[in-house]
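Subject: Structure handover

Hello,

Here is the structure for you to look over. Please open it alongside this note.

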Amino acid sequence: MKKTQELSDEELRIVARDEIFEFWKEIFSETLNEEYNLILFIRYAYMSRHGHIQKKEIYPKYSKMFKNLDLDRLTKYLKDDLLSQATAFKVLLDSNESMPNFSNDKLKNIIECLKSTNTQQWFSVCLAVLTPIIQHRFNLSETNQETLVVKIFENLHEMMFVLNYSDRLANKLETKLPEIASKVDQGSDVNDYFSSLSNIDDEIVQLKGTLELSYSHIDLIRFKDNEFFEPSNNLGNMFLLLLNYKKNGGRMNFKTRTLEHVLPQSVKEEEWPEFFSYDIERQKKSIYSIGNFLNAPSGKNSSLKGLSFKQKKSKEDGYLLDPLEGTDNYFKNIDDDGWTEEKIKERQDQLIEMFKTACLEKKQV
């Protein structure tokens with residue numbers, strides 16, 4: 001086999017193209033695959049460096065960028081930049097994927113909270129923040145360094161959470177967050193990197209206030225409105241995930257969660273005779289009350305569907321999360337026949353007070 005220096009220009013180009021193909025395969029077949037939203041990835045990977053683009057602009061933007069790179073620089077871009085971004089994207093979407101050089105469980109949990117909001121605008125900043133840690137193998141041994149990364153994610157989650165609970169539009173976030181993401185230093189100097197994180201955190205906090213996307217901007221009446229929660233399980237799920245995150249200091253690993261209605265959406269007479277006797281509208285006030293909600297792991301709550309409260313308690317094997325754990329209103333502390341209209345209302349009021357204490361009365365750290 002010829003040595004590299006003995007190869008012709010054409011042969012070198014073939015070798016380079018083969019390398020490019022292998023790196024492309026590593027990114028889009030091995031690190032990521034068809035189970036991931038690859039269009040979402042390449043769009044937000046670009047926006048995390050260069051600012052906002054529309055979906056229709058993905059191809060022309062990448063085409064222009066690739067044309068401006070020679071084969072060596074293109075190879076370097078794929079194996080260093082895009083591969084690191086793909087690894088970061090996998091961390092954001094895969095609950096089982098660990099973040100390299102990061103010991104803080106709060107990061108995985110706040111990512112789960114972010115995912116529960118069913119929004120996408122945060123991807124650009126999160127990719128920009130995580131990619132240098134992966135690419136340059138930063139050792140985040142100092143607690144305050146890991147804390148700053150988590151704090152940025154918490155601030156992003158706050159905006160996405162409030163967006164779901166308000167009538168505000170995401171238009172400005174769609175353009176502003178990629179602009180902020182592009183200011184994260186992607187170089188190999190860890191001090192420059194963390195200096196840029198401090199700056200973008202300040203910008204995100206300022207943006208929260210400007211766009212009125214802080215917890216204080218939520219109308220708390222919404223938390224008592226069963227009609228608000230009825231169309232989307234997502235709203236109740238993200239509410240309980242937030243309270244579980246706050247209650248446990250973000251350190252309990254709860255992975256991906258879905259919403260469990262203790263009083264089921266379809267009330268059966270043999271399992272719920274008292275509620276069955278109520279008219280539909282009265283049933284709904286309890287069914288879609290936050291006091292009737294628990295967090296269940298994805299795929300688990302189907303095994304509890306339609307069961308009575310007594311049966312659910314006996315079959316539940318420690319996987320349901322209730323922010324009211326440790327109180328009299330914790331679901332396991334309630335009598336088998338105690339899941340009543342009054343108890344659901346009592347739990348609702350206690351959860352709202354918990355939100356006030358955790359998100360409004362205490363300064364966000």
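Below are notes on the aromatic rings and the cavities.

This is a predicted model, so local features need pLDDT of at least 70, side-chain atom pairs count only at pLDDT 80 or more, and totals for chains, interfaces and linings use all residues. Residues are numbered from 1 along each chain as its sequence is written, and side-chain values use heavy atoms, with hydrogens and water left out.

Aromatic rings

A search of the whole structure finds 27 aromatic pairs. Rings of Phe, Tyr and Trp (its six-membered ring) pair if their centres lie within 6.5 Å; planes under 30 degrees apart count as stacked, over 60 as edge-to-face and the rest as tilted.

Take tyrosine 165 and phenylalanine 223. Their ring centres are 5.4 Å apart and their planes are at 70°, so this pair is edge-to-face. Tyrosine 165 lies in the loop between helix H7 (143–164) and helix H8 (171–181), and phenylalanine 223 in the loop between helix H9 (190–210) and helix H10 (226–229), so the pair ties together parts that are 58 residues apart in sequence. Helices here are DSSP runs (H or I, at least four residues), numbered from the N terminus. Tyrosine 165 is buried, at 1% relative accessibility. Phenylalanine 223 is buried too, at 1%. Buried means under 20% relative accessible area (1.4 Å probe, protein chains only).

Tyrosine 165 also pairs with phenylalanine 228. That pair is tilted, 5.5 Å centre to centre with 50° between the planes. Phenylalanine 228 is in helix H10, so this contact ties together parts that are 63 residues apart in sequence. Phenylalanine 228 is buried, with a relative accessible area of 15%.

One aromatic cluster includes Tyr165, Phe223 and Phe228, along with Phe161, Tyr215, Phe229, Phe239, Phe293 and Phe355.

Cavities

The structure holds three cavities of 30 Å³ or more. A cavity is a set of points on a 1 Å grid over the protein atoms alone where a 1.4 Å probe fits but cannot get out; lining residues have an atom within 4 Å of a point. Twelve residues line the largest cavity, and the closest to its centre are Val91, Asp94, Ser95, Lys108 and Glu112. Helix H4 (71–93) and helix H5 (105–116) each give two or more residues to this lining. H5 gives the most, with five.

Best wishes

How values were computed:
Buried < 20%, exposed > 50% of the residue type's maximum accessible area, 1.4 Å probe, protein only. 1 Å grid on protein atoms, 1.4 Å probe; cavity = no way out; pocket = protein on both sides within 12 Å on 5 of 7 lines; lining within 4 Å. Points joined across faces, edges and corners; volume = space filled by probe spheres on them.
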